[in-house]
Each structure stands twice: as C-alpha cells, then as structure tokens.
Amino acid sequence: MSGLTIFSDQQPDQPLWQSRDADEIQQQLAAIGVRFERWQADRELGENPQPEAVIAAYQHEIDRLVAEKGYQSWDVISMRPDNAQRQLLREKFLSEHTHGEDEVRFFVEGCGLFCLHLDGKIYQILCEKSDLLSVPADTRHWFDMGSAPNFTAIRLFDNPEGWVAHFTGDKIADAYPHLA
C-alpha cells in the first residue's frame with residue numbers, strides 16, 4: 001500500500017505526519033507542487049510484462065500526460081533481484097540529487113521509495129503498483145529501490161535524451177529510513 005511520511009530535515013527519527021490514504025497523500029504532495037495519481041491498466045498484464053504490453057495498457061494515461069505537459073518520450077524499466085548491477089544502481093540513486101527536468105515514474109508493479117527534500121522537510125513516498133509520481137525539475141531527492149529490487153515502471157521525459165542526475169554532495173539521505 002502506498003504511503004507518505006513527512007519528517008523535519010533535522011529530525012530523521014521523528015515523523016511529523018504519516019498516511020497510507022491515497023487522497024491524503026495526493027493533497028499533501030499537491031501542496032508542494034508534486035503530482036501523485038493512481039492509474040489503472042486497460043488490460044491484465046500478467047507476471048513480468050514486456051515493455052510493449054505495458055505501454056499499450058497505459059497508452060491512454062500516457063497520452064493524457066503528453067497532451068498536458070508536453071513530454072516527448074517514454075520507456076519502461078524493470079529491475080529484478082537477480083540484476084548483477086542492483087547494488088551499484090541502488091547506491092547511486094540513494095545519494096541526494098536533482099534533475100533539470102521532471103522525474104516522472106509510474107509503477108506498473110513492485111515498489112520504490114522516493115524521498116524529496118523541500119522547504120526544511122523530507123517527504124518519503126512509498127510508490128507501489130498503480131502509483132504515478134512526478135517530481136518537479138530541480139527538486140532535491142533520492143530514490144531507494146531496496147536491497148532486492150523488483151519493479152517495473154514507465155518513465156516519461158521532457159527531453160528525448162532522458163535525464164542526468166546532478167548530485168548535491170549532501171549526505172542527508174544516510175540519516176533517513178531505507179527500504180529493506
């Protein structure tokens with residue numbers, strides 16, 4: 001189940017607010033300019049869906065976002081526990097960074113933990129199946145896929161070349177809870 005926990009950026013052991021209610025999560029994130037939605041596929045995808053099937057099942061939602069925000073490209077990424085690069089990739093994105101464009105992710109299956117650092121607070125968003133999260137450009141954040149990552153996600157981009165991470169050098173992510 002999706003969840004949002006808000007912390008002060010000075011007290012990682014004391015949550016200020018928590019919820020697993022999608023409407024409450026959406027309201028809290030909208031207040032800071034972060035988009036959170038729940039999408040439904042127009043067909044059953046089964047286990048380990050292929051990228052073409054994933055795109056086809058959510059094309060109606062992708063088209064809506066493209067019309068609204070002007071995204072130019074999208075793809076599907078999957079990560080499994082047996083990926084030889086999983087630990088290296090996890091460590092890379094556990095460091096606080098920004099992107100020059102929105103980071104838009106829709107979780108087709110599995111989960112991931114996005115942590116946003118805004119206005120003196122840390123917003124930890126547990127995204128699970130059916131969750132769309134759009135992190136605005138230049139927002140300090142990090143992402144935890146867990147020690148045994150198992151997810152499929154659609155990524156949407158402003159720029160056909162994708163996005164580049166700009167690491168802040170801040171070690172704040174080390175102080176906050178991670179996925180198991």
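Guide: Let's start with R155, whose side chain makes a polar contact with the side chain of D75 at 2.6 Å. Before going on: this is a predicted model, where local features need pLDDT of at least 70 and side-chain atom pairs count only at pLDDT 80 or more, while totals for chains, interfaces and linings use all residues. Residues are numbered from 1 along each chain as its sequence is written, and side-chain values use heavy atoms, with hydrogens and water left out.

Visitor: Is R155 buried or exposed, and how do you know?

Guide: Buried is under 20% relative accessible area, exposed is over 50%, and partly exposed is in between (1.4 Å probe, protein chains only). R155 comes out at 18%, so it counts as buried. R155 also touches S73, W74, D75, I77, V104, R105 and W163, leaving out residues up to four places away in sequence; touching, or contact, means heavy atoms within 4.5 Å.

Visitor: Which strand holds R155?

Guide: R155 sits in β11. Strands are DSSP runs of E of at least two residues, helices are runs of H or I of at least four, and both are numbered from the N terminus. In β11, 7 of the 7 residues are buried, so the strand is largely enclosed by the rest of the structure. F151, A153, R155 and F157 point one way from β11, while T152, I154 and L156 point the other way.

Visitor: How do you know that β11 pairs with β4?

Guide: Two strands pair if DSSP finds at least two bridges between them. β4 and β11 (residues 151–157) have 7, in the antiparallel sense, so they pass. Across from β11, W74 stands opposite L156 and S78 stands opposite T152. β6 (residues 103–109) pairs with β11 too, antiparallel over 5 bridges, and there V104 stands opposite L156.

Visitor: What is the strand order of the sheet, and why are β3 and β4 called edges?

Guide: The sheet is open, with 5 strands in the order β3-β9-β6-β11-β4 and antiparallel pairing. β3 (35–38) and β4 (73–79) each have a single partner strand, so one side of each is left without a neighbour in the sheet. The twist averages 20° from one strand to the next, using axes that are lines fitted to C-alpha atoms (for helices over the stretch in contact) and angles from 0 to 180 degrees between N-to-C directions.

Visitor: Which residues does UniProt list under "binding site"?

Guide: The unreviewed UniProt entry lists H97, H99, E103 and H141. Such positions are given in the numbering used here, feature names are shortened, and annotations may be inferred rather than shown by experiment.

Visitor: Why say that they gather at one spot?

Guide: They span 45 residues in sequence, yet no two of their C-alpha atoms are more than 11.4 Å apart, so they do gather at one spot.

Visitor: Are H97 and H141 buried or exposed?

Guide: H97, in β5 (residues 97–98), is buried at 1%. H141, in β10 (residues 140–144), is also buried at 1%. Beyond its sequence neighbours within four places, H97 is in contact with residues including E103, H141 and W142. A polar atom of the H97 side chain lies 2.8 Å from the backbone oxygen of S95.

Visitor: What makes Q10 "exposed"?

Guide: Q10 has 63% relative accessibility, so it counts as exposed. Q10 is found in the loop between β1 (3–8) and β2 (11–19), strands that form a hairpin with 2 residues between them. Those strands run antiparallel, joined by 5 bridges.

How values were computed. Polar contact = N/O pair within 3.5 Å; in protein donor to acceptor, adjacent residues only side chain to side chain.
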